[in-house]
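Good morning, and thank you for coming. I would ask you to keep the structure in view while I speak.

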Amino acid sequence: MKKNIFGEVDSVLVYSYTISNKNGVELVVHTYGAAIQSLRLPGKNLNNDVILGFDTLEGYRGIPARNPYMGSTVGRFANRIKSAKFELDGKEYVLNKNNNENSLHGGLRGFDKVIWDAEILDDRTIKFFYMSRDGEEGYPGTLNVNVIFTLTDNDVVKITYNATSDALTPINLTNHSYFNLAGHKGGRKELHDHIATINASHYTPVDGQQIPTGEIRPVGDSIFNLKQPTRISSVIDKVEGGGYDHNFVLDGERGRLRLCGRFEHQKSGRAMTVYTTQPGVQFYTGNFLPNDDTLKGKDGAIYSKHGGFCFETQNFPDAINQVK
């Protein structure tokens, strides 16, 4: 493992850590937002980094363009909370609004915008940890949270989340990496050429603000039935809103590690299989990435609409208001 200075924010250093395995796979993570900066895979061409991101800390800080959570750990509560409020033990808590009238991915200064501390556990494992104080972004309780990244010699990237709180509080942690198995420069054309499989017989329909309605609906023969390998180009334009941004209810026993989904890009020969203990996964096809050239990433790449996909293992969006 290699440790480097990635930048500095208000006299606090931000570090990056590079982890490599015997097969030539290389994972780079950094302490700003506990984010994955890159994942390089052996391949036939030089475009072997499959994670969208930025070369510098300024990019992750949204300077000059905004950062749409590239590679970040998001929380306290990933995804949306309706009307930016919830009730717990008879008390209403009001959160910061950052997605119309809703709270998204922890609010104005979620876990993606803080500098985490770090501890190297071994030559393949790094632990990031952060203390979120009582009242931060409106949430109750002081929360101690850590996220552990491990790269194995079997080409597995393992992400483990742990959290404890001194008061009852909602928590929903996930990683918000944007993938393109053709390489982070692959863009819309190559993303549309991915073959997706999601191990879910149900999904949670949403309203016009991407808030679940409360229904858990069978996928049936709809465009949300991705249980069999499906080329993204054959379905993405049929999804209302211009692509997927939906929570899928995973089959199998929640809490047990089980198959979540698989993505394959035949031209590059790359595939990614995801397992999780979480009850759901948000499949997002980068619908809100800009249509112009304002979002510039690594190596001068332009990241635009449908340039990458997120596969965010999680609890259900707005669950604090809907699951009683």
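D299 is partly exposed, with a relative accessible area of 49%. On this scale, buried means under 20% relative accessible area, exposed means over 50%, and partly exposed lies in between, using a 1.4 Å probe and the protein chains only. D299 also has a positive phi of about 55°, although it is not a glycine. Its place is in the loop between strand 22 (280–284) and strand 23. Strands here are DSSP runs of E with at least two residues, helices are runs of H or I with at least four, and both are numbered from the N terminus.

Please bear in mind that this is a predicted model: local features need pLDDT of at least 70, side-chain atom pairs count only at pLDDT 80 or more, and totals for chains, interfaces and linings use all residues. Residues are numbered from 1 along each chain as its sequence is written, and side-chain values use heavy atoms, with hydrogens and water left out.

A positive phi, near 60°, is also found at E137, again a residue other than glycine. E137 sits in the loop between strand 11 (125–132) and strand 12 (143–151), and at 14% relative accessibility it counts as buried. Among the residues touched by L108 is E137, together with N96, K97, N98 and K113, leaving out residues up to four places away in sequence; contact means heavy atoms within 4.5 Å.

Two peptide bonds deserve a mention. The bond from I63 to P64 is cis, with omega near 0°, and P64 belongs to the loop between helix 1 (57–60) and strand 5 (73–74). A further cis bond joins G75 and R76, with omega about 5°.

I turn now to the pockets. Which residues lie nearest the centre of the largest pocket? They are V157, K158, T273, V274 and Y275, out of 40 lining residues. A pocket is found on a 1 Å grid over the protein atoms alone: it is an open set of points with protein on both sides within 12 Å along at least five of seven lines, and lining residues have an atom within 4 Å of a point. The largest pocket holds about 1,300 Å³ of space, where a volume is the space filled by probe spheres set on the points, joined across faces, edges and corners. The second largest pocket has a volume of about 450 Å³, and R66, N67, P68, Y69 and L104 lie nearest its centre.

Finally, the UniProt record, in an unreviewed entry, lists N79, R80, H176, S177, Y178 and D245 under "binding site". Of these residues, S177 is included in the lining of the largest pocket. UniProt positions follow the numbering used here, feature names are shortened, and annotations may be inferred rather than shown by experiment.

Is S177 buried or exposed? S177 is buried, with a relative accessible area of 0%. It is found in the loop between strand 14 (174–175) and helix 2 (187–192). The side chains of S177 and N175 are joined by a polar contact of 2.7 Å, that is, a pair of N or O atoms within 3.5 Å; within protein, one must be able to donate a hydrogen and the other to accept it, and residues adjacent in sequence count only if both atoms are side-chain atoms. Y178 lies in the loop between strand 14 and helix 2, and at 2% relative accessibility Y178 counts as buried.

How values were computed: On a 1 Å grid over the protein atoms alone, a cavity is a set of points where a 1.4 Å probe fits but cannot get out, and a pocket is an open set with protein on both sides within 12 Å along at least five of seven lines; lining residues have an atom within 4 Å of a point.
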